Every structure is written in C-alpha cells, then in structure tokens.
Amino acid sequence: MRAMLIANPKATSTSRRARDILMRAFTGDLDLVLAETGHRGHATELARQAAVDGYDVVIALGGDGTVNEAVNGLLADGPSPDLPALAVLPSGSANVFARALGLPDDPIGATKAVLEALRAGRHRTVGLGTACHPGGTERYFTFCAGVGLDAEVVREVERRREAGVRADPSLYVRTAVRHFFSGTDRRRPALTLEQPGRPPKSGLFLAFISNTSPWTFMGRLPVNPSPKATFGRGLDVFGIRSLEVGPTLGALAQMLTARTRPLQGRHVVNVHDAAEVTLRAERPVAFQLDGDYLGEQHSVTFRSVPKAIRIVI
C-alpha cells in the first residue's frame with residue numbers, strides 16, 4: 001500500500017525525533033514517502049500530487065491547518081471514490097478535526113489507531129463544508145468556519161505566532177478577551193444570514209458555521225455552540241445579535257455546558273442541517289476556515305458536501 005506522509009515541521013507538538021518514530025511505526029505496513037511542508041499551501045500541493053500519482057493513503061501530520069490543506073489538495077477536482085484515503089496524526093494546538101473523529105489527541109496514540117484501521121481495512125466517509133466568496137475559489141473545511149469576532153481573534157493569534165509567540169489555548173483565550181473589549185466593533189452589527197427559500201436574519205455580529213461538534217476546544221474542554229452538528233448532516237450555524245457583556249457571557253456559558261440542544265436566548269440565531277447558507281456583510285468582515293484566517297469579505301457562501309472524503313479510522 002503506497003502512502004505519502006505530509007508533515008508540518010512547524011506544528012506545535014511536532015519534533016524530528018517524534019516524526020522519525022512515526023515513520024518507523026509505519027514501515028512494515030506501508031510503502032511510505034515522507035514529504036515535509038515548507039510554506040503555506042504546500043500541503044495542498046503535495047496532497048494533490050499524491051492523488052494524481054495514485055497513492056492509496058495520504059497521512060497528514062500536523063495541526064488543523066495542515067489537515068485542511070491536505071483535504072483541499074485531495075479534493076482539488078472534487079470528491080471521488082478513487083481518491084486516496086486520508087489519515088490524520090494530530091500534532092497541533094487544538095486538533096479539532098482529529099478529536100471530533102474520536103482519535104487520540106497525540107500523534108503516537110493516533111498512529112496506533114490508524115495502523116489498526118489500516119490493517120483492518122477500516123474507513124469512514126464523512127461530509128465536509130465548502131466556502132466561496134465573490135472572486136475567490138471554493139475551499140473545503142473540515143469542522144468549522146467563522147465570520148466576525150472569532151475570525152478576528154484567529155487573525156490576531158496568527159500575528160502573535162508570526163512574532164514568535166507559542167500557540168496554546170491560553171493564547172487564544174487572552175487574545176479573545178483583549179480583542180472583545182478593545183478590538184472588535186460591538187455596537188454596529190454587520191452580518192445578514194441568508195438561506196434559500198427562507199427570510200433573511202439580519203443584525204448579526206458573528207456567525208459560526210459548524211460541520212461537526214464541538215466547534216473547538218478550550219484545552220480539554222469542548223466549546224459547543226451547535227451540539228446537533230455531525231459529519232453526516234448538513235451545516236449548522238450559530239449567530240448572535242448582541243455583544244453586550246451579559247448576553248455574550250450567557251452564550252459562552254451555554255457553549256461550555258454539556259447538552260444536546262442548541263443555544264437558547266433572544267439574541268441567538270440557530271440553523272440546523274442546512275445545505276447552503278450565505279453571510280453578507282455591510283462592511284468587510286474577517287473570515288476563517290478551520291482556524292486559518294482568510295482575510296476580510298463582504299459575502300461568503302457555505303455549502304454542505306455529503307460523503308466527501310474517506311478517513312482511515
């Protein structure tokens with residue numbers, strides 16, 4: 001079985017020694033080629049070439065950004081049963097996609113699980129989401145997208161990381177609190193949520209688009225605005241019409257509480273199992289996919305893609 005291991009050497013918990021251990025673990029089971037990423041978008045290029053070259057498996061060793069790039073490379077020409085399967089070895093700061101799949105939150109434990117699945121021939125086909133803005137190309141996401149405050153936080157964290165600050169859950173929390181009180185516009189909502197055949201929902205400050213639950217993790221704690229979201233259904237959306245401290249803290253408290261129902265409250269907007277939604281903005285608004293900041297946009301359309309990719313698990 002031919003496999004390509006796409007490794008991000010800059011991932012939060014990756015070391016060359018750990019990577020070499022993982023390589024040796026797969027030696028007896030796979031004809032394995034190592035490909036290290038050297039720049040943003042490189043994992044997409046490598047995964048696309050693996051699909052063209054007829055590899056059986058692509059293994060992504062890195063964080064959610066590396067996984068997202070690998071997915072977009074594999075699906076560059078659309079879903080197909082002939083594409084390589086994807087295996088995920090998490091080594092980032094959050095590893096949301098891997099954890100949502102039920103994989104251990106470390107590359108060694110995940111390697112054992114992936115090896116067992118490979119030997120047993122076990123795969124799971126999951127649905128994904130796509131996002132497209134005017135003038136842009138359609139891009140896949142695995143677990144979440146965001147428009148508004150959370151994307152602004154991702155942007156600020158990326159700037160801190162580029163300055164040499166190590167990414168961990170506390171960095172996101174500190175950045176979110178600081179940006180909430182001194183960075184984001186909490187007085188003028190910019191977003192309107194549109195669904196085909198339904199009235200628009202306006203006056204939103206932010207929107208989370210979820211392809212699974214939880215939306216993310218705060219350390220070991222899941223953050224879950226849309227608990228009914230699953231890989232086997234359409235997209236779920238959470239939006240909020242107030243960024244006053246009271247409503248925001250109330251919504252956050254519900255997100256951190258284990259439950260099966262969507263958030264409740266007069267400022268809250270929920271959508272479940274949507275095939276398509278569009279977020280339109282009165283001014284350019286920050287946009288992120290799978291924790292990767294993608295700039296400011298006036299409009300982004302999100303679509304559900306059922307049974308998009310095979311996962312070794």
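In the predicted model, helix H2 (residues 42–52) and helix H3 (residues 64–74) approach each other with their axes within 7 Å and cross at roughly 40°. The angle makes H2 oblique to H3, and the crossing of the two helices is right-handed. On the H2 side, the contact is formed by His-42, Ala-43, Thr-44, Ala-47, Arg-48 and Ala-51. The H3 side contributes Thr-66, Glu-69, Ala-70, Asn-72, Gly-73 and Leu-74. By residue class, the contact of H2 with H3 comprises five nonpolar, five polar and two charged residues.

A further helix pair is formed by H6 (residues 149–162) and H7 (residues 169–182), which pack at an angle of about 120° with their axes 9 Å apart. H6 and H7 are therefore oblique to each other, and H6 passes H7 in a right-handed crossing. From H6, the contact involves Leu-149, Glu-152, Val-153, Arg-155, Glu-156, Val-157, Arg-160 and Arg-161. From H7, Leu-171, Tyr-172, Thr-175, Ala-176, Arg-178, His-179 and Phe-180 take part. The residues of the contact of H6 with H7 are divided into seven nonpolar, two polar and six charged.

Cysteine pairing was also examined. The structure contains zero disulfides. For Cys-132, the closest cysteine sulfur is that of Cys-144, at 18 Å, which is too far for a bond, given that a disulfide requires sulfur atoms within 2.5 Å. Cys-144 in turn has the sulfur of Cys-132 as its closest cysteine sulfur, at 18 Å.

Arg-2 is placed in strand E1 (residues 2–7) and counts as partly exposed at 32% relative accessibility. Beyond residues up to four places away in sequence, Arg-2 touches Asp-31, Asp-53, Gly-54, Tyr-55, Asp-56 and Val-57. The C-alpha atom of Arg-2 is separated by 25 Å from that of Asn-95, which is 93 residues apart from Arg-2 along the chain. Gly-121 occupies the loop between helix H5 (107–120) and strand E5 (123–132), where this glycine is partly exposed, with a relative accessible area of 46%. Gly-121 and Ile-313 are 192 residues apart in sequence, and their C-alpha atoms are 9.0 Å apart in space.

Backbone geometry was then considered. Most residues other than glycine have a negative phi, and most peptide bonds are trans. The peptide bond from Ser-213 to Pro-214 is cis, with omega near 0°; Pro-214 is located in the loop between strand E10 (206–210) and strand E11 (216–218). A positive phi, near 60°, is found at Asp-273, a residue other than glycine. Asp-273 belongs to strand E14 (residues 268–274) and is partly exposed, with a relative accessible area of 32%. Lys-307, also a residue other than glycine, has a positive phi near 45°. Lys-307 is placed in strand E16 (residues 292–312) and counts as exposed at 68% relative accessibility.

Definitions and conventions: Residues numbered from 1 in each chain as written. Predicted model: local features only at pLDDT ≥ 70, side-chain atom pairs only at ≥ 80, totals over all residues. Heavy atoms only, no water. Axes fitted to C-alpha atoms, helices over the stretch in contact; angles between N-to-C directions. Helix = DSSP H or I, 4+ residues; strand = E, 2+ residues; numbered from the N terminus. Parallel < 35°, antiparallel > 145°, perpendicular 65-115°, else oblique. Left-handed = near helix turned anticlockwise from the far one by under 90°. Contact = heavy atoms within 4.5 Å. Nonpolar A, V, L, I, M, F, W, Y, C, P; charged D, E, K, R; others polar. Buried < 20%, exposed > 50% of the residue type's maximum accessible area, 1.4 Å probe, protein only.
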